[in-house]
Amino acid sequence: PCGPWRAPGSNTHAFVVQSFIHELAAAAGRDHLDFLIDLMGEPRWLEPGNIRALHTGRAIATIKLAAEKAGWGRTMAKGSGLGLAFHFSHAAHVAEVAEVSVDARKNLRVHKVWAVADVGPIINMSGATSQVQGAIIDGLSAMAMQKITMEQGRIQQDNFDSYPVLRMSQTPEIDVHFIQSDFAPTGIGEPGLPPLAPAVGNAIFAAIGYRVRSMPLT
């Protein structure tokens, strides 16, 4: 069951689908970037005029730009990796790449996240950028350490000491880019969160060959 949250249903779907697509790419011996782009097929709007229908051309553009900004394909140090994910939700096409490192004791550090979104024309760039940055911080917080448990019908976590949000010292560098398309403008408050968890999970696999299938990571 999923209650009110930032992009609630989309987070579950993105984590499952984008993690599994990466598993398929690895099983096929394919580069994840090429595999994901190939899945999109020819650039087309699945339902022309419907802003809530996927446009594969816009999707491919965000994926390619995120990979380009992150330097996809570069040599990584041992225990380090890049992970990619794309998700279409809330009428927004968003791709993200995460750079992580994992030490011998499985301590994870997310060094940087690159995000590219196409939500049509942006007027307030600082506001839009802040929304994506906030979504990524929310996503990392949830993926890394947030969990709700119940005892005798009562929730045990009643404040941020037991339901922590990522602190400034833990927050990675976040690089946000927008594709200023001519399509009708849509929202950016929620869609920056769903690609985050699969991007980090895929990066962990690239770094140490360990597949993340449950959260929180703690």
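The model is predicted. Its largest nonpolar core has 32 residues, and a second, separate core has 23. One aromatic pair turns up in a search of the whole structure.

**Nonpolar cores**

- In the largest core, the residues with the most contacts inside it are Val100, Val132, Ile136, Leu140, Phe178, Ile188 and Val200.
- Five elements each supply at least two residues of this core: strand S2 (92-102), strand S3 (108-118), helix H4 (125-145), strand S6 (173-178) and helix H5 (196-208).
- The top contributor is H5, which gives seven residues.
- Valine 200 touches Ala98, Val100, Leu108, Val110, Leu140 and Met143, leaving aside residues up to four places away in sequence.
- As a general point, nonpolar side chains in soluble globular proteins tend to be buried together.

**Serine 181**

- Serine 181 sits in the loop between S6 and H5.
- Its relative accessible area is 12%. The cut-off for buried is under 20%, so serine 181 counts as buried.
- The side chain of serine 181 makes a polar contact of 2.7 Å with the side chain of aspartate 118.
- Beyond residues up to four places away in sequence, serine 181 touches Arg58, Asp118, Gly120 and Pro121.

**The aromatic pair**

- The partners are tryptophan 45 and phenylalanine 183, with ring centres 5.4 Å apart.
- Their planes meet at 85°. Planes over 60 degrees apart count as edge-to-face, so this pair is edge-to-face.
- The pair links distant parts of the chain, 138 residues apart.
- Tryptophan 45 lies in the loop between helix H2 (32-40) and helix H3 (56-70). Phenylalanine 183 lies in the loop between S6 and H5, where serine 181 is also found.
- Tryptophan 45 is partly exposed, at 24% relative accessibility.
- Phenylalanine 183 is partly exposed too, at 26%.

**Charges over rings**

- Lysine 106 lies over the face of tyrosine 210, and the distance to the ring centre is 4.1 Å.
- Arginine 211 lies over the face of phenylalanine 205, at 3.8 Å from the ring centre.

Key
Residues numbered from 1 in each chain as written. Predicted model: local features only at pLDDT ≥ 70, side-chain atom pairs only at ≥ 80, totals over all residues. Heavy atoms only, no water. Core = buried A, V, L, I, M, F, W, Y, C linked by side-chain atoms within 4.5 Å. Buried < 20%, exposed > 50% of the residue type's maximum accessible area, 1.4 Å probe, protein only. Helix = DSSP H or I, 4+ residues; strand = E, 2+ residues; numbered from the N terminus. Contact = heavy atoms within 4.5 Å. Polar contact = N/O pair within 3.5 Å; in protein donor to acceptor, adjacent residues only side chain to side chain. Phe/Tyr/Trp six-rings, centres within 6.5 Å; stacked < 30°, edge-to-face > 60°. Lys NZ or Arg CZ within 6 Å of the ring centre and 35° of its normal.
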